[in-house]
Amino acid sequence: MAKAKDFPIKESISDLNLLRKKQSNFKFEKRIIWLIAIKTKRFKTRKSLSDYLGVTVRTSERWSQKYITKGLDGLLSDEPKNLKSRIITPEIHQGLSNHVNSSEAPFSGYWDAVQWVEDQYGVTVKYHNLRRYLIQHFKTKLKSPRKSHYKKDDEAEKAFLKTP
């Protein structure tokens with residue numbers, strides 16, 4: 001097993017305790033508790049510290065790497081992981097945009113979009129990936145009417161809607 005990477009913690013314990021009290025998000029509070037435990041050398045092993053905090057050892061390693069590279073501000077920031085799609089190129093994005101916003105021949109569903117991308121560009125995209133991409137970039141959603149009950153009386157519905 002490799003030795004744990006030692007790194008200096010610049011902030012004092014009193015500063016970290018004050019910062020911990022100010023946190024409204026428990027996720028960030030847990031990271032400050034982790035820093036305090038490392039600074040005070042409360043735990044002998046990384047495993048015991050991770051068990052105490054309820055995180056994996058790998059998470060603790062990621063936190064230490066983030067603290068070393070970006071400091072305390074980087075550790076307490078929640079940066080989104082917006083990675084660009086490698087499958088959906090700008091050309092496919094433009095084609096999807098034109099097709100989604102088309103009033104003459106829009107997609108009839110996500111499976112239709114998957115088939116269209118495969119036919120037009122020769123690229124196989126998984127259904128869930130393309131669905132997530134279309135929702136994220138074009139705010140699409142499936143619209144389907146609810147089923148009507150077989151015992152529903154249309155006359156009773158009209159009478160109900162007319163009453164004040």
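This is a predicted model: local features need pLDDT of at least 70, side-chain atom pairs count only at pLDDT 80 or more; totals for chains, interfaces and linings use all residues.
Residues are numbered from 1 along each chain as its sequence is written, and side-chain values use heavy atoms, with hydrogens and water left out. Local features need pLDDT of at least 70 and side-chain atom pairs count only at pLDDT 80 or more, while totals for chains, interfaces and linings use all residues.

Helices are DSSP runs (H or I, at least four residues), numbered from the N terminus, while strands are runs of E with at least two residues. Helix α7 covers residues 127-138, twelve residues in total. The expected span of a helix is 1.5 Å times one less than its number of residues. For α7 this gives 16 Å, and the end C-alpha atoms are 16 Å apart, which agrees.

Which residues of α7 are buried? Burial is set by relative accessible area: buried means under 20%, exposed over 50%, and partly exposed in between (1.4 Å probe, protein chains only). Tyr127, Leu130, Tyr133, Leu134 and Phe138 are buried in α7. Seen down the axis, these buried residues fall within an arc of 135°, so they line one face of the helix. The arc is that of the directions from the helix axis to the C-beta atoms. The buried residues pack against α5 (90-100) and α6 (110-121); contact here means heavy atoms within 4.5 Å. On the face turned away from the buried side, α7 carries the exposed residues His128 and Arg132.

Just after α7, the chain reaches Lys139, with a positive phi of about 55°. Lys139 is not a glycine. Its place is in the loop between α7 and α8 (154-162). Lys139 is exposed, with a relative accessible area of 68%.

Lys41 also has a positive phi, near 55°, and is a residue other than glycine. This lysine, Lys41, sits in the loop between α2 (26-40) and α3 (46-53). Is Lys41 buried or exposed? Lys41 is exposed, at a relative accessible area of 70%.

The next feature is charge pairing. A salt bridge is a side-chain nitrogen of Lys or Arg within 4 Å of a carboxyl oxygen of Asp or Glu. By this rule the model has five salt bridges. One of them joins the side chains of Asp78 and Lys27, at 2.8 Å from N to O. Asp78 lies in the loop between α4 (57-75) and α5, and Lys27 lies in helix α2, so the pair ties together parts that are 51 residues apart in sequence. Asp78 counts as exposed, at 52% relative accessibility. Lys27 counts as partly exposed, at 33%.

Other bridges lie within a helix. Asp51 and Lys47 meet in a salt bridge of 3.2 Å, N to O. They are four residues apart in helix α3, separated by about one helical turn. Asp51 is partly exposed, with a relative accessible area of 48%. In helix α4, Arg58 and Glu61 are three residues apart, again about one helical turn. Their side chains meet in a salt bridge of 3.5 Å, N to O. Arg58 is partly exposed at 47% relative accessible area, and Glu61 is partly exposed at 29% relative accessibility. An α-helix has 3.6 residues a turn, so residues three or four places apart point the same way. Arg58 and Glu61 are also linked with Arg46 in a network of salt bridges.
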